[in-house]
Amino acid sequence: MADQDRPGPFRVMLRMVIHPGMEQEFEQTWHRVGSTIVQHPDNLGHWLSRSTDEEGSIYYVVSDWVDEERFRAFEHSPAHIEHRTELHPYRSGGSMKTMQVVYGMTGTAATVG
């Protein structure tokens with residue numbers, strides 16, 4: 001995925017704590033918002049996962065971008081601020097981590113079929 005001349009994608013991981021009883025509506029809203037994010041020319045992919053080993057309604061969002069500079073431009077854009085506003089009523093807490101992908105490998109099961 002990454003080599004010395006070209007770094008891998010810039011990855012953003014959000015941990016979101018959702019108010020109890022609002023999970024289904026949150027997931028639907030996230031899907032609608034996420035559908036517009038993946039249309040951004042600098043977005044490489046966007047995933048929502050629900051934790052299976054933490055108490056409460058904990059979700060993780062992973063989003064890959066061409067590079068940090070382009071992600072930061074998107075992060076401060078009016079469109080993204082609107083997205084965050086739409087998701088805010090569902091959240092009771094959360095955090096964000098960013099990282100640079102060093103290596104990526106695709107498993108055999110992903111390439112079969």
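Trainee: In what order do the elements of the protein chain run from the N terminus on?

Mentor: Bear in mind that this is a predicted model; from the N terminus on, the elements of the protein chain run β-α-β-β-α-α-β-α, which comprises four helices and four strands.

Trainee: And what box do the C-alpha atoms fill?

Mentor: Taken along the principal axes, the C-alpha atoms of the protein chain fill a box of roughly 45 × 35 × 25 Å.

Trainee: OK, the sheet next. What order do the strands have there?

Mentor: The four strands form an open sheet with the order β2-β3-β1-β4, and the pairing is antiparallel. β2 (43-50) and β4 stand at the edges with a single partner strand each, so one side of each has no neighbour in the sheet. From one strand to the next, the twist averages 15 degrees.

Trainee: How many bridges do β2 and β3 pair over?

Mentor: β2 and β3 pair over seven bridges, in the antiparallel sense. If you want to find this pairing on screen, Ser49 stands opposite Tyr60 in β3, and His46 stands opposite Ser63 in β3. The hairpin of β2 and β3 has six residues between the strands, and Gly56 in that hairpin takes a positive phi near 90 degrees.

Trainee: Which strands does α1 touch when it packs on the sheet?

Mentor: α1 touches β1, β2 and β3 as it packs on the sheet, and the direction of α1 makes about 175 degrees with that of β2.

Trainee: Switching to helices, at what angle do the axes of α1 and α3 cross?

Mentor: The axes of α1 and α3 cross at roughly 170 degrees and come within 10 Å. Because angles over 145 degrees count as roughly antiparallel, α1 is described as roughly antiparallel to α3.

Trainee: Which residues meet there?

Mentor: From α1 there are Phe26, Thr29, Trp30, Arg32, Val33, Thr36 and Ile37, and these meet His83, Glu86 and Leu87 in α3. By class, this contact of α1 with α3 has five nonpolar, three polar and two charged residues.

Trainee: Last topic, then: how much space lies in the largest pocket?

Mentor: The largest pocket holds about 380 Å³ of space. It is lined by 22 residues, and those closest to its centre are Leu14, His80, Arg84, Leu87 and Arg91.

Trainee: Which elements give two or more residues to that lining?

Mentor: Those elements are β1 (10-18), α1 (23-37), β3 (57-65), α2 (68-75), α3 (78-87) and β4 (91-100). By class, the lining of the largest pocket has twelve nonpolar, seven polar and three charged residues.

Note on methods:
Residues are numbered from 1 along each chain as its sequence is written. This is a predicted model: local features need pLDDT of at least 70, side-chain atom pairs count only at pLDDT 80 or more; totals for chains, interfaces and linings use all residues. Side-chain values use heavy atoms; hydrogens and water are left out. On a 1 Å grid over the protein atoms alone, a cavity is a set of points where a 1.4 Å probe fits but cannot get out, and a pocket is an open set with protein on both sides within 12 Å along at least five of seven lines; lining residues have an atom within 4 Å of a point. Grid points are joined across faces, edges and corners, and a volume is the space filled by probe spheres set on the points. Ala, Val, Leu, Ile, Met, Phe, Trp, Tyr, Cys and Pro count as nonpolar, Asp, Glu, Lys and Arg as charged, and the others, Gly among them, as polar. Axes are lines fitted to C-alpha atoms, for helices over the stretch in contact, and angles run from 0 to 180 degrees between N-to-C directions. Angles under 35 degrees count as roughly parallel, over 145 as roughly antiparallel, 65 to 115 as roughly perpendicular and the rest as oblique. Contact means heavy atoms within 4.5 Å. Two strands pair if DSSP finds at least two bridges between them.
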